[in-house]
Structure formats: structure tokens, C-alpha cells
Amino acid sequence: MSTTRRDLIRRLRLLLVLATATTLALFFAYRGVHDDTVPLSTASTPGIRAVDTARSALRQANAVVRETGAEGDTSGEFLTQISVAQQSLALAASENVTGLTGRHDVQTVTGLIAVYSGWVERRGREPEGSPLRAAFLHYAEKVLGLEAEAGTEGDIMSRLDALRGEQLAEARRQAAFPWQLWLGWCTVAVLYAVLCGALLETQRFLRHRFRRPVQLRLLAATAVCALGVPVLAWQTLSAHRAMTDSVAGVQVPPAVPDAVPEGAGEVRGALADAGFWASLSDLIPLGGAVVAALALWGLWPRIAEYRFRSQR
């Protein structure tokens, strides 16, 4: 008695199970990396750069106060830098990197900037030579966090440093590759290899049993697997490298103010296509369904043929 029909059914079941398992493993492993690429590129790193810009603008504003006389304390350059700092903090709050805590910190810093500006304005209203000018500058720089005895948690720079540290910790979490992702991708690799092997073995079986050189539908299913999974895996590796490079790029605040926008541009460039590649996760179930359908389409006619033979 021929066992061909039973062998075909066994192979079909195996292919369907492997296609389903590989699709699920690939979907979750792929999403595990790419779900964080868009937040990292559009929120976390821009939020960090916004804080860097605010820090730089406040330092430049204070430098204007120190370098100019009474007429320069509320000059256009000073007000411009204060405006830049406030706008940057508003951007940092809108990115919502660290949630409610981060927004509260930004609101606190914005209030302290108003206090700092108030001391600077009071200094500017004093005539040249007044001892109050030095006192008001001392109070302003103490609020800002540039005085020698500053550096406590209450001044502007210390709060910005703490906010930046929280944002950087979130960016590192997003760019990390924990053991769960390693396990997920190792599972994908094993299932992918077994699925490709099962497809090739099934084609060899059909060629040997039915004397046909190739089964086009199974060949198409093999091609989808052979091309799709490696492409997605390679892009995931590239995305992870770009995420790591982006976090490394914002690890340390730029020493030169002009380097802030340059560094922000480099980060955006590294993850420019993050949204597109993240959206491909929705096509993974479709690809798995195509592989399963091609396997079913390729084997079921033969199974049905042997069913009819056994009924004769």
C-alpha cells in the first residue's frame, strides 16, 4: 500500500506549522527593535538636543551680561538667547520623553529662567558703579547654576542636567538589545533554517516521487522565505547600529554651541528611514500567509489526487 498521501499530508502539516511559528517569531522580534526606532529618532534624541540647546543659550545669555555694561543687560542678544532657551524647553516638553515628571521639570526650569531674567533686569536698572550690580549678578548666576557654590539640585543647570540624564536613560533603553530580543532572533534563525530545509526536502521528495524537475509553487514559497527573512534581519541589524550610534552621538553635551544643530542633523540622518522600516512589520503576517498558501496550493492537489486513487 502506498504511503505517498500520508507522507504528503505530514509534510504539509509541518510546513504550515513552521510557516506560522516563523511568522509569529519574526513579527515579535522585528517589532521588538523597530517599535523603538521611531520614538528614539523623533522624540528622545530631539528632546535631548533641545535641552542641550537650552543649556547653550543660557550660557551665551549670561556671557552677554558679563561682557556688556548696564545697557547690555537686557539687550537684544540677551533676550534672543533667553527666547531660544524657552523655545527649546517647550520642544523638550512636547517630546514627552520622560512623561509627566519631565514636563514638570521643564515647567520648573522655565519658572527659574524668569527668576534669572528678573535679577538680570534689576542689575541693568542700576547705574554703573553701583555695588548692587555685582550682588544682582551673583543672585542671577546662583539661580542659573554658574556660581562656584552652585550646583545644587535647585538651580537651572542642575535641573537641566538631571532632565538630560533621564532622557538619556530612556534613549539607552530604546537602543538596548536585551536578552529577550537575542532569544527572539535566535528563535527566528532556528525556525527559518528549519522551514527552508523543510521546503527544500519537500521539493526533493516531490521530484523523486513524481519525476518532476521543479514544483513552482513550493519554489516560490522558498524564495519568499529565502529573501524576506534575511532582508528584514539585515535591516534590523542596521537599525540597531543606527540607534546605538544616535545614543552615542548625544551621550555627551557638545562643548561648542554651534555643534548642537550639527549633532542633531547627524542623529536625524542616521534614522531617517526609521518610520518606513518600522511599518514593514505589518507585512510580516502577510508574507507568512503567502508562504503557507503556496505550500498548501503546491501540495493539496497531489494529496487530493491520492485520495481519489484510494477510493477506487
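Start by selecting Thr22: its contacts (heavy atoms within 4.5 Å) include Leu191, Tyr192 and Leu195, leaving aside residues up to four places away in sequence. This is a predicted model, where local features need pLDDT of at least 70 and side-chain atom pairs count only at pLDDT 80 or more, while totals for chains, interfaces and linings use all residues. Residues are numbered from 1 along each chain as its sequence is written, and side-chain values use heavy atoms, without hydrogens and water.

Thr22 sits in helix α1, residues 4-34 (helices are DSSP runs of H or I, at least four residues, numbered from the N terminus). Is Thr22 buried or exposed? Thr22 has a relative accessible area of 5%, so it is buried (buried is under 20%, exposed over 50%, with a 1.4 Å probe and protein chains only).

Next, select Leu286 in helix α11, residues 284-311. Leu286 counts as exposed because its relative accessibility is 51%.

Last stop: the structure's one cavity of 30 Å³ or more (on a 1 Å grid, points where a 1.4 Å probe fits but cannot get out; lining residues have an atom within 4 Å of a point). The largest cavity holds about 50 Å³ of space. Select its lining, including Asn96, Arg103, Leu163 and Gln167. Which helix gives the largest share? That is α4, with four residues.

Conventions
Helix = DSSP H or I, 4+ residues; strand = E, 2+ residues; numbered from the N terminus. 1 Å grid on protein atoms, 1.4 Å probe; cavity = no way out; pocket = protein on both sides within 12 Å on 5 of 7 lines; lining within 4 Å. Points joined across faces, edges and corners; volume = space filled by probe spheres on them.
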